[in-house]
Amino acid sequence: MNRKERIVFLSIISILLFSCGNKINPDKPYKFDLPKGFKYPKIPNENSITVKKVELGKLLFYDPILSDDSTISCSSCHVPELAFTDGKKLPIGIKGNIGNRNSPSLINVAYYPYFFAEGKVMDLETQAQAPGLHAEEMGSEMKKMIYRLRNNKFYRKKFREIYNEEIDVKHFVYVLASYERTLIAGKSKYDRNDFNTDEQKGKDLFFSTRTNCSKCHNGNLFTDFSFQNIGLYEVYEDPGLARVNSSATDSGKFKTPSLRNVEYTAPYMHDGSIVALENVVEFYNSGGEKHKNKSEFIKPLSLSKEEKRCLVLFLKSLTDDDLKNKKGVFKSPNLIYQ
Amino acid sequence: MKKYSFLLFLAVFLFSCEPENGKDNTLSIKFNINSGTSPLLYNTNYTVNGLTIQYTDVRFYISQPVFSSGAETIEFNDAYFLGDAASSNNTFVVGDLGKRTIDGIAFGYGVDPSRNTQAGSKAMPAYSYALEHALSSANNMYWSWNPGYIWMKLEGRMDANADLDFSDPGEIFSIHTGVDAAYRFVSRTYVFNMNDAPKTIQVDMDIDKFFDSYNLLGTPFAHPLDTNASDYHSMLYVQDNSNLVFGDFYE
């Protein structure tokens, strides 16, 4: 290579390097900052997780453009400062429609084997489209929503940076699921094994065969994802798992929820019928209502006032440090849409 | 030279989309969605089994059309169509049948088991179909929480107490068909020729006949999720009536 050729070659390289200076490679993998003890989550082959997808999914999650009348976003029912729940008994969708299940937390959904109270949705991508298809949540016009995104100059550009083709349902669910997978948190007093005397007493009770709490609320996420009838009612208005398998023995069974950050996810139960954590402990202490499908682990506990207090304190030790401080994933972002 | 290049390019462009033999034997089927013999309109009074009803949502899947030509059968296993009473154009562009005489038509009423649920041999996630595809989840015909397609939505109101008001409690009906075991084929004998030109044939549907001998007042709601569901047999009754719903084909 002579001098002239070298100059031309270096010039081309320089142009290539500097022309991409402020742009993120669309394929740049997203790097998880995982808490101690948290494994790398399973990512589907067809939806590798990238920085661009997560960024775009985050924008969409907080943008009311997704609802039929552009009044609510995913974050209306999944508020970061409330551990991605909404603090309401039942969620309120567009036009004031009231949903039929208490909003679940989205923290650590990257590790969930299935979704919704019946657990019949097996992946986050399929889950991501569901609220957009329900009239009582964000409306029922997914087609219109995709056309709204296609007609939006900002999103057209954003999607094109990743997919380089017309926006479609799969692109939408891929980016939304990618963002949801990043909502990982696990830095609490429990994780540091940092308990005061009362919390330790509560912990011992929680993991004891006397209360049986940990029979279902176990593992890193404090759930085994099993379906349980806890005897909340003698007659359930919502059939739970039986809604999808028509089995009488599954009536009133709902997926066991994670207890991480439970201090911030009130009100409780599938229908938001229990207002405070103290009332939840009181409910379990009572042994619940009679029901033929009630879990064998639910029985009167005869806990003293002090024991109930300690159990609540232990449950509060599952609150993430970032949630207390409204930091990290638990802080609503200020996003710019233009 | 430039002029010839342009003409060559134009010729390649124009002729590249023609079928191999230059003949187009594409068949389309037009579904005329009626109540009785008149086009079905939403929020309009119809009398069915002596009961005044109004339809509010009538949508259905047609899948896997099969044509017979003597001893030969021509299958379109990847062809799906979503009919919609709200649409002014319910024409299913099936595909190229080739030049031949057709003497019989059959099609599935619903989504065949190979694609209905994620357990099907050709299943792919509903969200991965293109927006314009009949099977796209955007059509809101997919039960994401009980994975599988709703084959037909037959929804409306009924004047149960004959007070000319459709808003009393219990006056809504909603029949959703589905479940692999209920997949049915509708078949008709019909002779026509594909003669190196596209052709559209028609078939009239009388949606009221889904309720033939069906007690709509007694079972206004059927959304069974499997064969064990208490409302499975009601749904099956409606699904089996699909054979009564379709008339004969004509051009």
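Reader: Hi! Is the crossing of helix 12 of chain A and helix 13 of chain A left-handed or right-handed?
Author: It is right-handed. A crossing counts as right-handed if the near helix is turned clockwise from the far one by less than a right angle, and as left-handed if anticlockwise. Helices here are DSSP runs of H or I with at least four residues, strands are runs of E with at least two, and both are numbered from the N terminus.

Reader: Thanks! Before we go on, what kind of model is this?
Author: This is a predicted model, in which local features need pLDDT of at least 70 and side-chain atom pairs count only at pLDDT 80 or more, while totals for chains, interfaces and linings use all residues. Residues are numbered from 1 along each chain as its sequence is written, with chains lettered from A and ligands numbered from 1 in the order in which they are written.

Reader: Back to those two helices. At what angle do helix 12 and helix 13 of chain A pack?
Author: Helix 12 (residues 277–286) and helix 13 (residues 305–316) of chain A pack at about 125°, and their axes are 10 Å apart. Axes are lines fitted to C-alpha atoms, for helices over the stretch in contact, and angles run from 0 to 180 degrees between N-to-C directions. That angle makes helix 12 of chain A oblique to helix 13 of chain A. Under 35 degrees counts as roughly parallel, over 145 as roughly antiparallel, 65 to 115 as roughly perpendicular, and the rest as oblique.

Reader: Which residues make the contact?
Author: From helix 12 of chain A they are A:Leu277, A:Glu278, A:Val281, A:Glu282 and A:Asn285, and from helix 13 of chain A they are A:Lys308, A:Leu311, A:Val312 and A:Leu315. By class, the contact of helix 12 with helix 13 of chain A has 5 nonpolar, 1 polar and 3 charged residues. Residues are in contact if their C-beta atoms, placed from the backbone, lie within 7 Å. Ala, Val, Leu, Ile, Met, Phe, Trp, Tyr, Cys and Pro count as nonpolar, Asp, Glu, Lys and Arg as charged, and the others, Gly among them, as polar.

Reader: Got it. How about helix 2 and helix 7 of chain A, how far apart are their axes?
Author: Their axes are 7 Å apart, and helix 2 (residues 51–61) of chain A packs against helix 7 of chain A at about 95°. The two are therefore roughly perpendicular. Residues of helix 2 of chain A in this contact include A:Leu56, A:Leu60 and A:Phe61, and those of helix 7 of chain A include A:Tyr174 and A:Tyr179. The contact of helix 2 with helix 7 of chain A divides into 8 nonpolar, 2 polar and 2 charged residues.

Reader: New topic! How many residues does each chain bring where chain A and chain B touch?
Author: Chain A brings 21 residues and chain B brings 18. Helix 4 (124–133), helix 5 (142–150), helix 7 (169–181) and helix 11 (242–245) of chain A each supply at least two residues of chain A's side. The largest share of that side, 5 residues, comes from helix 4 of chain A. By class, the side of chain A that touches chain B has 9 nonpolar, 6 polar and 6 charged residues.

Reader: And how many residues of helix 4 of chain A are buried?
Author: 10 of the 10 are, so helix 4 of chain A is largely enclosed by the rest of the structure. Buried residues have 20 or more other C-beta atoms within 10 Å of their own, exposed ones 12 or fewer, and partly exposed ones lie in between, with C-beta atoms placed from the backbone. The buried residues of helix 4 of chain A pack against helix 3 (74–77), helix 5 and helix 7 of chain A.

Reader: What about domains in chain A?
Author: The assignment gives domain 1 (27–185 + 325–330) and domain 2 (189–319) of chain A, with bounds from an automatic or database domain assignment. Their C-alpha centres lie 27 Å apart. Each domain of chain A puts 24 residues into the contact.

Reader: Which peptide bond is cis?
Author: The one from A:Ala266 to A:Pro267 is cis, with omega near -5°. A:Pro267 sits in the loop between strand 2 (254–255) and helix 12 of chain A. A:Met269 is in the loop between strand 2 and helix 12 of chain A too, and A:Met269 has a positive phi of about 80° although it is not a glycine.

Reader: Last one: how many helices and strands are in chain B?
Author: Chain B has 4 helices and 16 strands. Buried residues make up 33% of its 251 residues.

Technical notes: Two residues are in contact if their C-beta atoms, placed from the backbone, lie within 7 Å.
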